[in-house]
Amino acid sequence: MFKKSIKSLMANNNHTLEILNVLKEASLSGSILDASKKLNVSNKQFIKVESNNIKKLVNKESSECSNNVTIKFQRMLRSNLPDTIIKYSFFNDSVFGPGLIASTDSGVCFLGFDETANANTSSILYKDLTKRYFEAACFQEESTKIHLQIIDYLKFEEKNKDIDITVNILGTDFQFEVWKELTRIPKNKLTTYSKIGINIAKPKSFRAIGTTIGKNPIAYFIPCHRVISADGNIGNFRWGSNVKMAMIGWESLN
DNA sequence: ACCAACGCCGTAA
DNA sequence: TTACGGCGTTGGT
């Protein structure tokens with residue numbers, strides 16, 4: 001169904017709204033990630049969004065659309081990690097594809113996606129988790145309540161559902177400052193790396209902000225996908241531009 | 001403690 | 001498109 005639309009997009013010079021229409025069609029058939037993959041893989045242009053439309057999104061007045069996600073930050077100390085147990089679960093059926101979620105007794109410590117549908121212990125996700133918290137003991141545990149709740153949420157079967165999540169993560173002062181700032185970006189709005197810098201009173205730190213956002217341990221809920229390049233390109237994304245595009249597209253529709 | 005290298009950048013040419 | 005400045009973090013001495 002959306003294959004046809006994608007072809008016509010390739011013929012024209014596609015713009016954001018057209019891309020989003022394709023994503024919309026795709027989401028109706030339950031495969032927004034597949035559509036994003038096709039958009040991205042077939043033509044690099046498809047991840048470049050047209051400047052007027054992106055301007056609209058970036059400069060959109062907040063917040064006619066409020067967040068329905070509330071994040072509480074619980075700081076993890078590296079020195080406690082040897083005594084920490086981390087439980088992790090793989091999942092396969094979120095709107096944004098397969099992924100990995102992990103938590104300690106105090107909160108969620110990791111959430112990532114893998115567009116290559118390779119969510120298992122040989123995946124980049126598992127390597128990231130175990131490298132990040134290498135001192136801790138990690139166990140696979142599929143029935144962890146918070147995991148089930150979040151995996152269920154990521155199917156988005158219920159519209160505009162509220163959710164509160166406590167995250168228990170490792171980071172420097174600067175990193176926490178940046179990640180907290182991300183949670184202040186309203187849903188359905190985009191911003192840029194440099195604007196984040198201005199907001200945290202470090203206007204020249206945009207390069208470091210990119211690095212920090214790339215280390216965001218909790219994908220989607222700490223919404224690093226809402227940050228794009230100042231030139232209107234969608235920018236990079238640790239879990240792949242396809243997933244980023246899918247998230248932006250999804251939020252613009254919901 | 002020091003320094004080099006790196007990364008979801010920005011912008012000038 | 002390319003090049004380079006600038007900024008925190010990291011991993012090597």
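Author: A polar side-chain atom of Arg207 lies 2.6 Å from a base nitrogen of DNA strand C, and a polar backbone atom of Ala208 is 3.4 Å from a base oxygen of DNA strand C; a polar contact here is a pair of N or O atoms within 3.5 Å. This is a predicted model, in which local features need pLDDT of at least 70 and side-chain atom pairs count only at pLDDT 80 or more, while totals for chains, interfaces and linings use all residues. Side-chain values use heavy atoms, with hydrogens and water left out, residues are numbered from 1 along each chain as its sequence is written, and chains are lettered from A and ligands numbered from 1 in the order in which they are written.

Around DNA strand C stand Thr172, Phe174, Gln175, Lys204, Ser205, Phe206, Arg207, Ala208 and Lys215, where a residue is near a strand if one of its heavy atoms lies within 4 Å of it. Of the atoms of DNA strand C that come within 4 Å of the protein, 71% belong to sugar and phosphate.

Two helices (DSSP runs of H or I, at least four residues, numbered from the N terminus), α7 (173-182) and α9 (206-214), each supply at least two residues of this surface, and α9 gives the most, with 3 residues. By class, the surface near DNA strand C has 3 nonpolar, 3 polar and 3 charged residues, with Ala, Val, Leu, Ile, Met, Phe, Trp, Tyr, Cys and Pro counted as nonpolar, Asp, Glu, Lys and Arg as charged, and the others, Gly among them, as polar.

Definitions and conventions. Polar contact = N/O pair within 3.5 Å; in protein donor to acceptor, adjacent residues only side chain to side chain.
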